[in-house]
Amino acid sequence: MDHFHYISGRLHAEGIAADTLADALGTPLYVYSQRTMHDHVTRFRAAFAEIDPLLCYAVKACSNLGILRRLVEAGMGMDVVSGIELERAWLAGCPMDKVVFAGVGKSDDEIRAALDGRHSPLRDRTGDLNAGDPAARGPVGVLNTESRSELERIAAVAAELGIRARVAIRLNPDIDAGAHDHTTTGRAGDKFGVPADLAAALCADFRAHPHVEIAGFHVHLGSPIYKPDPYLQAIDRLTTLIDRVESEGTTITHLDLGGGIGADYETGQTPPFSTFAEAMIPRLRPLVARGVRIALEPGRTIMANAGVLIVTVRHVKRQGGRRFVICDAGMNALIRPSLYGAKHFIWPIQVEPGLEPADRRFEAPGVEPCDVVGPVCESGDFLARGIHLPEVQRGDRLAVFTAGAYGMTMASTYNDQPLPAEALADADRAVLLRPRQPAFDLIAPGLAESAVSIPAEIRA
Ligand SMILES: Cc1ncc(COP(=O)(O)O)c(C=O)c1O
């Protein structure tokens, strides 16, 4: 499952003791495991090999450049949802034809940069970034669109650039994938995608457009999803839609089924990739035989178990019948528990013999429950509530497991807490991927005030 293991009472990330990393780099600290990421990519690819899908890692799950570079080296394309994520994918060395660009509200500037690297916001900073010229990078493989209005903007920008944009229309299939309300994205009432009738109408209206090629469809049902059924329903609806638009004259060459496959937050919670693949492939095979390339956008399932967050206990106190373990990071470093009620297994990184967790179940008989909370001034600032932890004291370090996806990317500086550092364990080698945010960087943008000059013609 992953390469974080206790050896003689010390948590190891691959071959490196977590306490040595925490000593060297301080906490809060995200530690990723190269081998875990790599294993997940390999197993994911093997499960779906028969249909040879385009695998586009969802950058939003963990967007550290060092992580992206390694995933690109492992052959992954990238799924991006903003202009800056696009630049990250490019800086990580991802070929642009393996990039899909989703997102419900792309700006014209983002569309422009996706279609033509001369409009990259980094164009003048390539020297600082030790990067090549983005002008040479070419357009993204597919731009996903989620409304008629946005498709019209893509068409206008592509016309301005003199190119033909390859577009996929995101279908809202009206399927409830059963994820948290905030992360379920495929129901009719959700903001994402367009209904099937509108998707078909857009295909018809843009069929002969000189600057837009409707290559296919995109769907993303939500996350995390723990069984194949919602995907099967979606494939059936998409197949009906493809049959319909092809009978009306649009040729479909691309079908992107998004991401969403769960990660093992609790031991044994998620079936293996093969369970999803074996259910989906028989339905996808006929489409592939018709010339449709399938794309998949896994994020969480690649990175969640490939990362832990290490925090340090600052204080322990008991009140109101509860034991509070107050740490140096909480919702600012990992917001999933506060935002989604998500459960992460937490355990000290150094324990007495006999207290090594045999597996990562939340009950530990004889061990008193506690709330693991952070320093942020919110009652909603916690990493876990009512979990079982052995006695801990000031200075002990805890590992929050399954934190590699939607951890650092959702971290904030609320309460002026600097962003955590990120490191990678690769066998017995450790790499600092990003240092802790310096205090100066938090404060500097507000040091200087400057007058806003408003051109005379737009003054009231
Ligand atoms: C369009 C799209 N694709 C892929 C993903 C990745 O989902 P997951 O990390 O659950 O695989 C998301 C997540 O929000 C998404 O919005």
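Predicted model: local features only at pLDDT ≥ 70, side-chain atom pairs only at ≥ 80, totals over all residues.
Colleague: By class, how many nonpolar, polar and charged residues does the lining of the largest cavity have?

Modeller: The lining includes G258, G259 and G260, and Gly counts as polar. E297 is in the lining too, and Glu counts as charged. By class, the lining of the largest cavity comes to six nonpolar, three polar and one charged residues.

Colleague: How much space lies in the largest cavity?

Modeller: The structure holds one cavity of 30 Å³ or more. Residues along its lining include F44, Y231, I261, M280, L296 and P298. The space in the largest cavity is about 40 Å³.

Colleague: Now to the pockets: which residues lie nearest the centre of the largest pocket?

Modeller: The largest pocket has a volume of about 660 Å³. Its lining is made up of 33 residues. Those nearest its centre are K60, T185, F192, H220 and Y406.

Colleague: From which domains does the lining of the largest pocket draw at least three residues each?

Modeller: Let's take the classes along the way: the lining divides into ten nonpolar, 14 polar and nine charged residues. At least three residues of the lining come from each of domain 1 (4-30 + 304-434) and domain 2 (34-301).

Colleague: And the second largest pocket: which residues are closest to its centre?

Modeller: About 280 Å³ of space lies in the second largest pocket. Its lining has 20 residues. By class, these are nine nonpolar, six polar and five charged. Closest to the centre are H180, P224, Y226, Q269 and R336.

Colleague: P224 has come up; which residue does a cis peptide bond join to P224?

Modeller: To find P224, look in the loop between β10 (212-218) and α9. The bond in question is cis, with omega about -5°. The residue joined to P224 by this bond is S223.

Colleague: Where is P28, which a cis peptide bond joins to T27?

Modeller: The bond between T27 and P28 is cis, with omega about 0°. P28 lies in the loop between α1 (18-25) and β4 (29-33).

Colleague: What is the phi of S8?

Modeller: You will find S8 in the loop between β1 (4-7) and β2 (10-13). S8 is not a glycine, yet its phi is positive. The value is about 50°.

Colleague: Are α2 and α10 roughly parallel or roughly antiparallel to each other?

Modeller: The axes of helix α2 (residues 34-47) and helix α10 (residues 273-289) come within 9 Å and cross at roughly 25°. Angles under 35 degrees count as roughly parallel. So α2 and α10 are roughly parallel.

Colleague: Is the crossing of α8 and α9 left-handed or right-handed?

Modeller: Start with the packing: helix α8 (residues 196-206) and helix α9 (residues 229-247) have axes 10 Å apart, at an angle of about 30°. These two helices are therefore roughly parallel to each other. As for the hand, the way α8 passes α9 is right-handed.

Key. Residues numbered from 1 in each chain as written. Heavy atoms only, no water. 1 Å grid on protein atoms, 1.4 Å probe; cavity = no way out; pocket = protein on both sides within 12 Å on 5 of 7 lines; lining within 4 Å. Points joined across faces, edges and corners; volume = space filled by probe spheres on them. Domains from an automatic or database assignment. Axes fitted to C-alpha atoms, helices over the stretch in contact; angles between N-to-C directions. Helix = DSSP H or I, 4+ residues; strand = E, 2+ residues; numbered from the N terminus. Parallel < 35°, antiparallel > 145°, perpendicular 65-115°, else oblique. Left-handed = near helix turned anticlockwise from the far one by under 90°.
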